[in-house]
Amino acid sequence: MDHSVRLKPFLCTLLVACLVGCGEKQAASPQAITRAQAIALAERYVRENGYTDQPAVRERLDPESLDWNLPREQALQLRANTLKGKAIGAQAGGRNSEPGWGVAFDYAGDKSDPSICRVVTMDPYGQGLVMQHMDGRRSYWVDGPAPPNKPLRALEPEASAAASQPS
């Protein structure tokens with residue numbers, strides 16, 4: 001009996017299994033970022049999107065609700081040197097009390113109310129950065145309960161306890 005006839009189905013099955021198994025790349029599960037990483041991302045975001053005294057480096061600016069329909073040059077004029085480049089604080093908690101991070105920045109120049117700040121939010125993995133159009137209460141960000149420098153997943157019970165405290 002010809003052994004090649006019996007081996008063909010086995011080899012074909014083995015080849016298909018290898019191709020399917022090798023072709024599927026396991027997507028790396030995202031890692032939650034630390035407070036320090038959230039601050040670094042937010043500081044880069046405000047710098048690259050033209051909010052500081054540094055020139056914007058992004059050709060396409062991330063839109064903000066107040067300037068989303070403006071040409072780039074007009075948006076840059078509205079943003080330029082409005083924020084200091086160094087964050088004043090970061091708290092666990094993203095937009096609308098979702099998990100994530102919020103990072104606050106002082107206004108630059110003569111701002112009539114020094115008790116307010118602007119806030120960049122992101123998800124727990126440092127994605128989806130957005131400049132919030134509503135001002136934040138500076139005292140919350142500077143004096144509030146800042147989480148330790150640990151991944152956000154480890155902070156979720158602590159973050160929910162902080163969120164339940166009055167701000």
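**A walk through the predicted model**

Let's start with confidence: the protein averages a pLDDT of 76, and 65% of the residues score at least 70. (pLDDT is the predictor's confidence in each residue, from 0 to 100.) Among the elements of the protein, helix α2 has the highest mean pLDDT (97), while helix α5 (residues 156-164) has the lowest (37). Over residues 14-26 the pLDDT is below 50, and this stretch has one contact in the model beyond near neighbours in sequence. Residues 147-167 are also below 50, but here the model has 37 contacts beyond near neighbours in sequence. Contact here means heavy atoms within 4.5 Å. Where pLDDT is low, the predicted coordinates should not be read in detail.

A few ground rules. Since this is a predicted model, local features need pLDDT of at least 70 and side-chain atom pairs count only at pLDDT 80 or more, while totals for chains, interfaces and linings use all residues. Residues are numbered from 1 along each chain as its sequence is written, and side-chain values use heavy atoms, with hydrogens and water left out. Helices (H or I, at least four residues) and strands (E, at least two) are DSSP runs, numbered from the N terminus.

Now for the strands. Strand β1 (residues 83-92) runs antiparallel to β2, and six bridges join them. Five bridges join β2 to β3, again antiparallel. Why is β2 described as largely enclosed by the rest of the structure? Seven of the seven residues of this strand (residues 101-107) are buried. Buried means under 20% relative accessible area, exposed means over 50% and partly exposed is in between, with a 1.4 Å probe and protein chains only.

Leaving aside neighbours within four places in sequence, Arg118 has contacts including Tyr51, Leu83, Met131 and Asp135.

Next, look at helix α3 (residues 72-79), whose buried residues are Ala75, Leu76 and Arg79. Seen down the axis of α3, these fall within an arc of 100 degrees, so they line one face of the helix. The arc is that of the directions from the helix axis to the C-beta atoms. Glu73, Gln77 and Leu78 are exposed, on the face turned away from the buried side of α3. Just after α3, Asn81 takes a positive phi of about 55 degrees.

Asp62 sits in the loop between α2 (35-48) and α3. Its side chain makes a polar contact with that of Arg58 (2.7 Å). Leaving aside neighbours within four places in sequence, Asp62 is in contact with Tyr45, Asn49 and Arg79.

Notes
A polar contact is a pair of N or O atoms within 3.5 Å; within protein, one must be able to donate a hydrogen and the other to accept it, and residues adjacent in sequence count only if both atoms are side-chain atoms. Two strands pair if DSSP finds at least two bridges between them.
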